[in-house]
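Subject: Structure handover and notes

Dear colleague,

I am passing on the structure we talked about, and my notes on it follow directly below. Please read them with the structure open beside you.

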Amino acid sequence: MISVIVPIYKTEKYIRKCLDSICNQSYRNLEIICVNDESPDNSLEILREYAAGDPRIRIVDQKNKGLSGARNAALDICTGEYVAGVDSDDYLEPGIYEKAAPYLDGTIDVLFYQINIVNEEGMSPNPCLVEYHRLKYLGHRVLTHEMALQGPICFWNKIWRRSLIEQYRVRFPDGFIREDNAFFCMFFAIARHIYYLDAVGYNYVQRGGSIMHSNRTHVENARNFCGVWRYVYAFYQRHGIMERAAGLYLAYLFISFQETVTGISGKEYGEVQDIFEEIVKEQDLESLFPRDYRVRSMRHESWWTRLWVARARHPLPQKESYRFFGLPLFSVMYENNRPARKESGWLNLFKRCFGH
């Protein structure tokens, strides 16, 4: 059995197509849990209409708790051997659960399938988004951190083994967006076997009013991300997995930092650094990752330190340039986030001046 979780909030325009795509799957052994998160439109009436015609549908009608609270409510009551998610403004491809079912034998911890990007009118195609969601591996694999970092961070194009979710009590952090980051990073720290199914199974609808396309400042994004990663860190500590999964944790934390600072500079950049630096200090990441470029770049150095050292803000190449009264002394080049070699700033300056 697969428990399909569908959180609903203000999506009456899309919900029929979504539910039809689930109820009409050729694989019939489904439990469909629809959580109405106090949606102010006619979504609840539509849910009741569908539930009257399909006994597999269970409705949870709750006070508004956000996407995390809706998914958590479903996780608390679902009974399937595996769990899948479908956002109520998206829809499934026909037959995807039947294609996935042969691999859900109790040994696979999570199964990925391909997605299709559907752009509503007014939304421009985004090749980067297509590439991000493209599966980089195929078939059965034993999970590594590198593979986890290559996978799209989202709950809904995967089927998750529920026994592992319940063993470690993996849940979404209430009150935050980017809640998928937390679930993903926690689950992939404990998962081992993964299957990449080479079949398109999910239609991801890009629309202007969605959570992912709402307007938030970079500072708001930084505070949200740091709330998410505090939640993940507490999970790692609670289950004693920080030592083995620390590299995965820092990699995702740094990805969040990079995403937040893209396109900003000056005072705003420093404000974001201050927020992320709080986590660096709280969790003593400098001791855990000494001389690691990712940790160093999240620190907001004092003004006099910045006169002496400047870090490249683009992740490639990773570079620290040391100066004296504006004149270059030397640069430290990083590879795999560790110091790899030094380059003479004086020599480079000499070459530029004299053309050698």
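Q114 counts as buried because its relative accessibility is 13%, where buried stands for under 20% relative accessible area, exposed for over 50% and partly exposed for what lies in between, with a 1.4 Å probe and protein chains only. The residue belongs to strand 6 (residues 110–119); helices (H or I, at least four residues) and strands (E, at least two) are DSSP runs, numbered from the N terminus. Not counting residues up to four places away in sequence, Q114 touches H133, R134, L135, L138, L197, D198, A199, V200, G201 and Y202, a contact being heavy atoms within 4.5 Å.

Before going further, please note that this is a predicted model, in which local features need pLDDT of at least 70 and side-chain atom pairs count only at pLDDT 80 or more, while totals for chains, interfaces and linings use all residues. Residues are numbered from 1 along each chain as its sequence is written, and side-chain values use heavy atoms, with hydrogens and water left out.

As for the whole protein, there are 15 helices and 13 strands, and buried residues make up 53% of its 356 residues. Of the contacts with a separation of 6 or more, 73% are between residues 24 or more positions apart. The accessible surface comes to about 17,200 Å², with 52% of it belonging to carbon and sulfur atoms; these areas come from the Shrake-Rupley method with a 1.4 Å probe, and for residues only the protein chains shown count as cover.

The nonpolar interior can be described through its cores, a nonpolar core being a set of buried Ala, Val, Leu, Ile, Met, Phe, Trp, Tyr and Cys residues joined through side-chain atoms within 4.5 Å. The largest of them has 73 residues, and F188, W229, Y236 and Y249 are those with the most contacts inside it. Helix 10 (residues 242–261) supplies the largest share of this core, namely 11 residues. W229 touches N181, C185, Y249, Y252, L253, S256, I279 and Q283, again not counting residues up to four places away in sequence. There is also a second, separate core of 39 residues, which includes C18, I46, L92 and W156.

Turning to the rings, a search of the whole structure finds 26 aromatic pairs, where rings of Phe, Tyr and Trp (its six-membered ring) pair if their centres lie within 6.5 Å, and planes under 30 degrees apart count as stacked, over 60 as edge-to-face and the rest as tilted. One of the pairs is formed by W156 and Y202, which are stacked at 4.7 Å centre to centre with 15° between the planes. This pair links distant parts of the chain, since W156 is in the loop between helix 6 (145–150) and strand 8 (158–161) whereas Y202 is in strand 9 (residues 193–206), 46 residues apart. Both W156 and Y202 are buried. F183 and F187 are also stacked, because their ring centres are 6.3 Å apart and their planes are at 5°. These two lie in helix 8 (residues 179–190), 4 residues apart, which is about one turn of the helix, and F183 and F187 are both buried.

Two charged side chains sit over rings, by the criterion that NZ of Lys or CZ of Arg is within 6 Å of the ring centre and within 35 degrees of the ring normal. K17 lies over the face of Y91, at 4.2 Å from the ring centre, and R71 lies over the face of F172, at 5.1 Å from the ring centre.

How many disulfides does the structure hold? The number is 0, with a disulfide taken as a pair of cysteine sulfur atoms within 2.5 Å. C34 is in no disulfide, and the nearest cysteine sulfur, that of C23, is 7.5 Å away. C34 is buried, as its relative accessibility is 0%, and C78 is buried with a relative accessible area of 4%.

E286, in helix 12 (residues 285–288), is partly exposed, with a relative accessible area of 34%. Its C-alpha atom is separated by 7.9 Å from that of R296, 10 residues apart along the chain. R291, in the loop between helix 12 and helix 13 (293–298), has a positive phi near 65° although R291 is not a glycine, and R291 is exposed at 52% relative accessible area.

Best regards
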